[in-house]
Amino acid sequence: ATSCYAVVEVPVTVNSLPTITVTPTQICNGETVDLSVMFTQTGATTDNTYYSDINDALLETNPLLTSFVTPTITKTYYVRAKDISKPTNCYVIEPLEIQVNSLPNISIPEEEICFGTSIDIETLVDTSLDYQYIFYTSSNDAINQTAAMNNTEVSPVINTSYYVRIIDINSDKTSYCETITQIDIKVNKPPTLNVSQEEICEGGIIDIRTLINHDASTIVTLHKTEQEALDETFALSSWLVTPPVGTHDYYVRATDNSTSNYTKCYTVEKVTVRVNAEPTISISPKEICVGDSVDLTELVTTNDSVIHEYYPTKADAYDETNLISTALAQNQTPVVPTSYFVKSIDQDTSKQTNCFSINEIIVNVTNLPSIDFPTYEICYGEIVDMSSIVSTNFEVKYYYTLIDANNDENEITDASLSFAVTTPLYTRVTNLETGCLRTDKQFTVQVNQLPILEVEPRQYCTDVSIDL
């Protein structure tokens, strides 16, 4: 064996691997990413194939059909970059890590407000989180990022939805994930409270509860001022009020206490109570003499809007029983001191109450002069001294006829009179202290005739005794 050999030089070319520079990528949940843009390559021309598993990348099995992926969690994909510019088909496998950041997840429950109030919807979100909030009045504006709200304090009058775009601005993330959440504002109407105004008379009591109408689920309170009602302070302990004369305002607060909402909406209404004064009248005192009549209507002051009714007792005046007619009221003849009662009723058409007052009319009755005239006897031809029969407390005038005495005409003024026959005289007797007078006492002057003597004329001689 010769063991011959030859040495031959074999050239070997070692091709470098493709150079891949991967950029870490963050996306938001639900977004799609193109794996081909996650890296850059230098040097050779490569054919890139993508895999979701490293083994598949090594074995070139189960390649992804597209470079566009939508992972829902953080995931690593793989790119197999094969140099197709050289026959060696050198390749490199590089991981493509995609960090999937979750969308901001904020639950905003429905908020309830009362009609007529406002709410700052920014207060409904948690501002302590690394989120930026932008508010809109419509979903389209939120989606299109147009017409953002400059002022987040709103006063809707009906149930209204607002929209907030929530952007995650956590500095550890680069994706700035965002979501749009709806904010529902339920507007609860205030409770129904209907009130009426009222007029009462001076001294009257009124229950304010009779002037209001409200829902069964409503709690109502009474206050003296509107501010106290709004603040729900100093509620009156009683609904019964007795205000003085004038116009008075009270305020009723009605608060919704139903279980269907928690807002406790309320409303405040004003109740006006007008207190009309009783008619003020003046009554003139009256004194009469027994037998005289009195006109009660002349003792009471008149007023165009006030009418007067007359009654024998105060109870009758209140109950409007045993009314004394106008004709009788104008001709009352009490024989003893008597009280009457006048009910004065205000019929002013600008008022609704017809307030009245009841006042006492006292009529004092003075007895007639008490005097008796005995029959005054004289003899024919004698003179009667009229002044001798007059009492110092009385004034007595004499008349020949009753008509003259009643009319105070043709008074007999002679102090001394003589009468030929028995004569009745009529008197007008006045009590000088009370002024009462009477003309029913007759004074009779009885004239007794002188005896009649019949004398027979006779003639006698001188110095002869005679038996008369």
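Author: In this predicted model, D168 is in contact with P104, D130, Y131, K173, Y176 and C177, leaving aside its neighbours within four places in sequence. D168 belongs to strand β13 (residues 160–168).

Reader: Why is D168 called buried?

Author: Its relative accessibility is 5%. Buried means under 20%. So D168 counts as buried.

Reader: What makes the D168 and K173 side chains a polar contact?

Author: The distance is 2.9 Å. The cut-off is within 3.5 Å for a pair of N or O atoms. Therefore the pair qualifies as a polar contact.

Reader: Now the rings. How many aromatic pairs does the structure hold?

Author: The structure holds 5. One of them joins F39 and Y50, with 6.4 Å centre to centre and 45° between the planes.

Reader: Why is the pair of F39 and Y50 called tilted?

Author: Under 30 degrees is stacked, over 60 is edge-to-face, and the rest is tilted. The planes are 45° apart, so tilted it is. F39 lies in strand β4 and Y50 in strand β5, 11 residues apart. Both F39 and Y50 are buried.

Reader: What makes the pair of Y318 and F356 edge-to-face?

Author: The angle between the planes is 75°. Edge-to-face needs over 60, so the label holds. Y318 is in helix α4, F356 in strand β26, 38 residues apart.

Reader: Why does F356 count as partly exposed?

Author: Its relative accessibility is 29%.

Reader: How do you know that the charged end of K343 sits over the ring of F356?

Author: The charged end of K343 is 4.2 Å from the ring centre of F356. The distance limit is within 6 Å.

Conventions
Residues numbered from 1 in each chain as written. Predicted model: local features only at pLDDT ≥ 70, side-chain atom pairs only at ≥ 80, totals over all residues. Heavy atoms only, no water. Helix = DSSP H or I, 4+ residues; strand = E, 2+ residues; numbered from the N terminus. Buried < 20%, exposed > 50% of the residue type's maximum accessible area, 1.4 Å probe, protein only. Polar contact = N/O pair within 3.5 Å; in protein donor to acceptor, adjacent residues only side chain to side chain. Contact = heavy atoms within 4.5 Å. Phe/Tyr/Trp six-rings, centres within 6.5 Å; stacked < 30°, edge-to-face > 60°. Lys NZ or Arg CZ within 6 Å of the ring centre and 35° of its normal.
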